[in-house]
Amino acid sequence: MKPIATYKVVSSMPEALSRLPELAYNIRWAWDHETINLFRRLGGELWEESNHNPVKMLGLLSQSKLDALSRDDGFLAHLERVLNNYDAYVQSGHKAWYAQEFGFEEQPQIAYFSFEFGLTESIPNYSGGLGVLAGDHLKAASDLNVPLVGVGLLYQQGYFRQYLNIDGWQQEMYPENDFYTMPIRLVTGNDGQPITINIELPDHPVYAQIWRVEVGRIDLYLLDTNIPQNKAREDQDLTDQLYGGNREMRIKQEILLGIGGLRALYALGIEPAACHMNEGHSAFLSLERARVLMNRLNITFPEALAITTSSNIFTTHTPVPAGNDYFVPELIEKYFKTYRTELGLSREEFLALGRFAPGNVSESFCMTILALRTSNYTNGVSRLHGEVAREMWQDVYPSVPLREVPIDSITNGVHSFSWVSADMGMLFDRYLGPRWREAPTDQRVWQRAANIPDEELWRTHERRRARLVAFARRRLVEQLQKRGAPPAEIDAAHEALDPDVLTIGFARRFATYKRATLLLLDPERFLALLQSDRPVQFIFAGKAHPHDNEGKEFIRQIVHFARTSGSRNRVVFLEDYDMIVARYLVQGADVWLNTPRRPFEASGTSGMKAALNAVLSLSVLDGWWAEAYQRHLGWAIGAGETYDNEELQDYVESNAVYDLLEKDIIPTFYNRGSDDLPRGWIMLMKNCLRELGPIYNTARMVQEYCRRYYFAAVENFRSLAENEYEKGLSYADWLINLRSHWNELQIGDIEATIGSEIRVGDLLEVRASIHLGDISPEDVSVQLYEGILDRQGEIERGRAAEMELESDVKSKDGWSQYRVEFVTEATGRHGYTIRILPRHPEMRRVMHLGLITWAE
């Protein structure tokens, strides 16, 4: 029965507790253990039953309980301490890192768009690493007080909840989220009504209301289409599921995120100077930014795009082709025919924005390519991923040398305060001092980890392992009961695992390239590890995509292996992997196992979370571990090899894992002195904290984004926008004119004082004749490009030297003379050529423009 009206019922909060809702709705509590302890004290078992959701928990508390707490001096003193710390945090933004480095900003300047955000388990708006990384990004931005605002979608059902049937096959369920009992608030206008925006779909608009999440000092806005203004059920269901539905559902969600998300900010009075696309899902925002500027200044799309591209940032996260969204031309035309007409673009001109080859009429439209073409700053998420991404997307930039493909890298990090256990945090407070919280990137602070007494560090870690085992037993019993397992199997689950045994964790998305079943290739050797007098135990967790049957089969194989008599109580699979499970695992395991097929792990952040808790990694040299690994920090599987034969690779690397476990890891863990301390292992734990702690955190990561991209992008926009976009329009005209005349450029005769053999340190001279046509010499950079040759006779690692115009006077036939002197720096077989690039005082980065001419 449908109601004729709706309303919200809340508790009557005693005056002494009146600020509890304020604490509950600002999810700073998610990374402040003192506030979490306050909520746990407030609700008792309700804290766990509410899935760590203080808003829901407050609604479940009885009025008598609240009244009693309002008279409890101990609780009130605890509340006062928490509120004092909260107020100090929220009100000290002007003293935070960004203000000290770049100056204090009152309003958000950078908009950060992501398809998912993993902030806390009580807002299940994430599926895995991408979302948790986005959540950690926002938390670090809050700590540093970066003038940033987040934008995403709010999913009624979120990502699926996982359970296994009696055979161990993954099943999915989609429970409905009740937004009104979550730590989020509906954004309303002065009239008290929800603020809404709309996007245009074929034949009709779709409306969305906006929810606000307070993330410390900054805000995250999420769009929700499940509202009465949308008459069609399919429109209301647009924000039902994360990564659900077909390609048509995906394109509609991405239109809502990119175009609708930007419109939501404008509706709230926020006009970002820079936009950061976290993956390609939100790339349509680059079109909307240009459209808004077109209408505001009455200019063309190419002019507007030239201006807005200067302050767009794009981060690509996947080296797996299937992880990038492609849409067939017919689907793009269906949803963008009216929109592209408003932009003044033909069908093929619009499709060219998302194609490798703009003239290939059969090529699909790629969101990653759209983001690359419309961004000034682009990066992968580890050094290795940056290399892979440059190779993967090189064809977007024809004629640009691989090393200069405009995709940089900023290695991911994790939010230290969200992932370090309370026990380990207290240890850090004692021996690293408060600076580890105030300046988590300060390497001098982390060096103090060497001063932590071995026994204290080890006993702290043993407590975390014991808690992990207790948690795993509870979860295992619950899931077996739900599955209808035999009573004997449920009874055995109460004694699963051993809190004193070497514990290895493996938890991640069950994509096949992550090879969760690598150790099952030799089941006898696996069983021998589990049954030895120095045993090992394994805890697995993770979800396969609902359509990934191969990934589901991996889960089934692990579950079946865990049921064999030899492995019982030594191997468990925990269902429904989420942030709660992740925290127990990264805080309590001894070793973090990671076995991706290199180079398909773009970064991988779970190992970083483990490292901050002094958990050691055993991993393929892929993603972050390829740059972080040293022998005194953990273990590497292989030496960074790549294989053509996957079967051979699996055989070699599974044996490598066994060898490392048998010959090094197990002996190091179990070799104890008279005090029962594994001194060698503890030394590795301290090394891990000292060297990885200050680097692989989101404070360092967000600082790097600010220094390399954010501040520059904001300044680009402000410069171009001055005096009614005077500089911006001038730059746009320059770029359009340059493109129209670029084909007139020619490189003619080249003369050089270079023989067939020269010595290191020799001064060499090269002259070149350049035909500029109607292009001014000030608009181009003529460069000598020189370097060592590879086996194919190509310049492998070239260096560019600027050539000088010898005279402003052109010859009668329009040729200009350029020259350069350079000194040879290395031996070997060298070569050189000449190239021409664009040059403009407002644009330091030019490779993304796709304009480059080489000598033939």
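1. The structure holds four cavities of 30 Å³ or more, a cavity being a set of points, on a 1 Å grid over the protein atoms alone, where a 1.4 Å probe fits but cannot get out. A volume is the space filled by probe spheres set on the points, with grid points joined across faces, edges and corners. This is a predicted model, in which local features need pLDDT of at least 70 and side-chain atom pairs count only at pLDDT 80 or more, while totals for chains, interfaces and linings use all residues. Residues are numbered from 1 along each chain as its sequence is written, and side-chain values use heavy atoms, with hydrogens and water left out.

2. The largest cavity contains about 210 Å³ of space and is lined by 17 residues, lining residues being those with an atom within 4 Å of a point. Leu476, Leu480, Glu489, Ala562 and Val571 lie nearest its centre. Two or more lining residues come from each of α21 (454-483), α22 (487-493), α24 (549-563) and β17 (571-574), where helices (H or I, at least four residues) and strands (E, at least two) are DSSP runs numbered from the N terminus. Helix α21 gives the largest share, four residues. By class, the lining has eleven nonpolar, two polar and four charged residues, with Ala, Val, Leu, Ile, Met, Phe, Trp, Tyr, Cys and Pro counted as nonpolar, Asp, Glu, Lys and Arg as charged, and the others, Gly among them, as polar.

3. Helix α28 (residues 646-670) has 25 residues and spans 34 Å from its first C-alpha to its last, close to the 36 Å expected, which is 1.5 Å times one less than the number of residues. A kink of about 45° in α28 is centred on Leu661, the bend being the angle between axes fitted to the seven residues ending there and the seven starting there. At the start of α28, a side-chain oxygen of Asn645 comes to within 3.0 Å of the backbone nitrogen of Glu647.

4. An open sheet is formed by four strands in the order β21-β22-β26-β25, with antiparallel pairing; two strands pair if DSSP finds at least two bridges between them. Its edge strands, β21 (746-752) and β25 (804-805), each pair on one side only. Two bridges join β25 to β26 (residues 815-823), and Glu804 stands opposite Arg819 in β26.

5. The peptide bond from Arg598 to Pro599 is cis, with omega near 10°, and Pro599 is in the loop between β18 (591-594) and α26 (606-611). Asn51, a residue other than glycine, has a positive phi near 60° and is found in the loop between α3 (45-49) and α4 (54-60).

Definitions and conventions: On a 1 Å grid over the protein atoms alone, a cavity is a set of points where a 1.4 Å probe fits but cannot get out, and a pocket is an open set with protein on both sides within 12 Å along at least five of seven lines; lining residues have an atom within 4 Å of a point. A polar contact is a pair of N or O atoms within 3.5 Å; within protein, one must be able to donate a hydrogen and the other to accept it, and residues adjacent in sequence count only if both atoms are side-chain atoms.
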